[in-house]
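Hi,

Here is the structure I promised to send over. Have a look at it first, and my notes follow below.

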Amino acid sequence: MTETTKTATLSFDGQSFELPMHSPTAGPDVIDIRKLYGQAGVFTYDPGYTSTASCDSTITFIDGDKGELLHRGYPIDQLAGKSHYLEVCYLLLYGNLPSAAELEDFEHRVTHHTMLHEQMQNFFRGFRRDAHPMAIMVGVVGAMSAFYPDSTDIHDPWAREVASIRLIAKMPTIAAWAYKYSIGQPFVYPRNDLDYASNFLRMCFAVPAEDYEVNPILSRAMDRIFTLHADHEQNASTSTVRLASSSGANPFACIAAGIACLWGPAHGGANQACLEMLEEIGTVDRIPEFIDRAKDKDDPFRLMGFGHRVYKNFDPRATVMKQSADEVLDLLGIDNNPKLQVAKVLEKQALEDPYFAEKKLFPNVDFYSGIILEAMGFPTSMFTPIFALSRTVGWISQWKEMIADPQNKIGRPRQLYLGDTARDYVDIENR
Ligand code: CMC
């Protein structure tokens, strides 16, 4: 980490403290407060970490004002247009685009780790049939530490590498099986002659009685959805993975923690919530009513798929996703999809509304993704599992970076305590 000659001065109670500053390769300067408590005896207060850099990282950069997302320096629209998911996985994990031989080797390693331990089927069968696939994924991924104990030693670089490949390779199988289980169909095994996205689609939609012919355009759209979700710097689930891992927990436990966090409607659950909202709105004439509700401070309703903590101009992933939605629906011959119609008019009306303009609220990646996934045949409950499988590589890349960092220490925030001060215990008969 580079310390600059710049410092920041903090003054209170007649005392001043010099705080070192760091200059990133991109983004705002960072004030280093690590020694603040030791020197000045105060904490900083930042619930929601809106002004806190929790780590240094070389993986992903977002410029929220410009609407820019870079993975290892490469813009997301270039990656979504010219690259493909497994190449982006390699880039995120190892730092550079692979040579042809490196890519072939990486794809071979991922492809040959897609099967699950056969005993894991019993684990799936322990869940209720109506369990949400995310509930199954949290449980099954956490249980991988029981099925693959040989790759849980975080201090062994070989074990870390094997755990990384296993997680990227097996996540589509786990997500597809969670879906198959929920609809009462047999599990479909992966096939090594198919690419990553095609294999996932086939595991979701094939049945023993009838194979599934993978449409290359749908497979490309699936791959693009994976690519657009691959990483997003220190978002809530990634920070959860990092915090869980800071205690030395094994990678499967940490990724399970990330999946649990992603499930929430403010994060990865927004794609499901957004499609449900579009369905509830139903027709364009009802849009103003929902816009009014989103603006009403006394109504908890928010426009799902709108707004972002970091993007204050536009979300570059949403632009690609919108194009993809048009392409996929066109390919499938779906004219006048009512949800797409509602989404487009809703986007237009919201962007023209001063409330959304002033608060810099724009459609995010989740606004159009659900429309594509539904057109492909996925139920809404599978949207967040698909986000989870796509984001796995981001979580793992950030986890690997953190483990290899000599500055890595257990995450232990402090608090602004507002409760009672010490008081004596009162026996129950005297309360
Ligand atoms: N609809 C209506 N008002 C909104 C919305 C929305 N979707 N999002 C933010 N606001 C308002 C909010 O009420 C607040 O107003 P005020 O300043 O008057 O109190 C202001 O905008 C700032 O909102 P915030 O909640 O302080 O912002 P945040 O950075 O904490 O939240 C967010 C970011 C994404 C959680 C939020 O915009 C939201 O809840 N959006 C809907 C859920 C969603 O689409 N999530 C997916 C995010 S992208 C995928 C991912 O990373 O998981």
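Glutamate 233 sits in the loop between α9 and α10 (236–245), with helices (H or I, at least four residues) and strands (E, at least two) taken as DSSP runs numbered from the N terminus. Although glutamate 233 is not a glycine, its phi is positive, at about 40°. With a relative accessible area of 21%, glutamate 233 counts as partly exposed (buried is under 20%, exposed over 50%, partly exposed in between; 1.4 Å probe, protein chains only).

Before I go on: this is a predicted model, where local features need pLDDT of at least 70 and side-chain atom pairs count only at pLDDT 80 or more, while totals for chains, interfaces and linings use all residues. Residues are numbered from 1 along each chain as its sequence is written, and side-chain values use heavy atoms, with hydrogens and water left out.

Aspartate 13 also has a positive phi without being a glycine, near 50°. You'll find aspartate 13 in the loop between β1 (3–12) and β2 (15–22), and aspartate 13 is exposed, at 71% relative accessible area.

The lining (residues with an atom within 4 Å of a point) has 17 residues, and Leu86, Thr111, Leu194, Asp195 and Tyr196 lie nearest the centre. At least two lining residues come from each of α4 (100–111), α8 (196–205) and α9 (216–228).

Cheers

Note on methods
1 Å grid on protein atoms, 1.4 Å probe; cavity = no way out; pocket = protein on both sides within 12 Å on 5 of 7 lines; lining within 4 Å.
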